Amino acid sequence: MTAAFGIAAAGCVSEKKAQMEARQAYIAGQAQAAQSQLRAREAEGPVVFVQGPVQNHVIAWSEGMTLSKAIVDANYTAFMNPEVVQVMRGGQLAGQLKGIDLLHHQDLDLQQGDTVIILP
């Protein structure tokens, strides 16, 4: 019995290790894609960064840009409305809204270099 249990336990460890490696590879790929987009956009001017379920993680910033416009420009891809959306500026939380707040036309003005974090 002990030998069989040892084999099953080893299989679980290998599966967890494989899942962790796959997750790390996915994250590394996402970071590489974001860096590529950033380099391409840096030549074009000021940007806003968007983290979460979006197609475009780096979008061009323009005067008067709002949080809702940034989410639309980033092409939000999740099925449900976001639970929370945060705006980070200079490493500090500059604002936070619930997804429902955006639907009720509450919004935040963005500055160049802001990071929008969408939590589904």
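Buried here means under 20% relative accessible area, with exposed over 50% and partly exposed in between (1.4 Å probe, protein chains only). The model is predicted, so local features need pLDDT of at least 70 and side-chain atom pairs count only at pLDDT 80 or more, while totals for chains, interfaces and linings use all residues. Numbering starts from 1 along each chain as its sequence is written, and side-chain values use heavy atoms, leaving out hydrogens and water.

Start with helix H2, residues 67-74 (helices are DSSP runs of H or I, at least four residues; strands are runs of E, at least two; both are numbered from the N terminus). Select Leu67, Ala70, Ile71 and Ala74: these are buried.

What do they pack against? Colour E1, E2 (58-60), E3, E4 (92-98), H3 (99-103) and E5 to see the partners. Just past the helix, click Asn75, which has a positive phi of about 65°.

Back to Leu67. Its contacts (heavy atoms within 4.5 Å) beyond four places in sequence include Val85, Val87, Leu110 and Val116.

Next stop, Val87, in strand E3 (84-89). Val87 is buried, with a relative accessible area of 2%. Then draw a C-alpha to C-alpha distance to Val50: 9.3 Å, across 37 residues of sequence.
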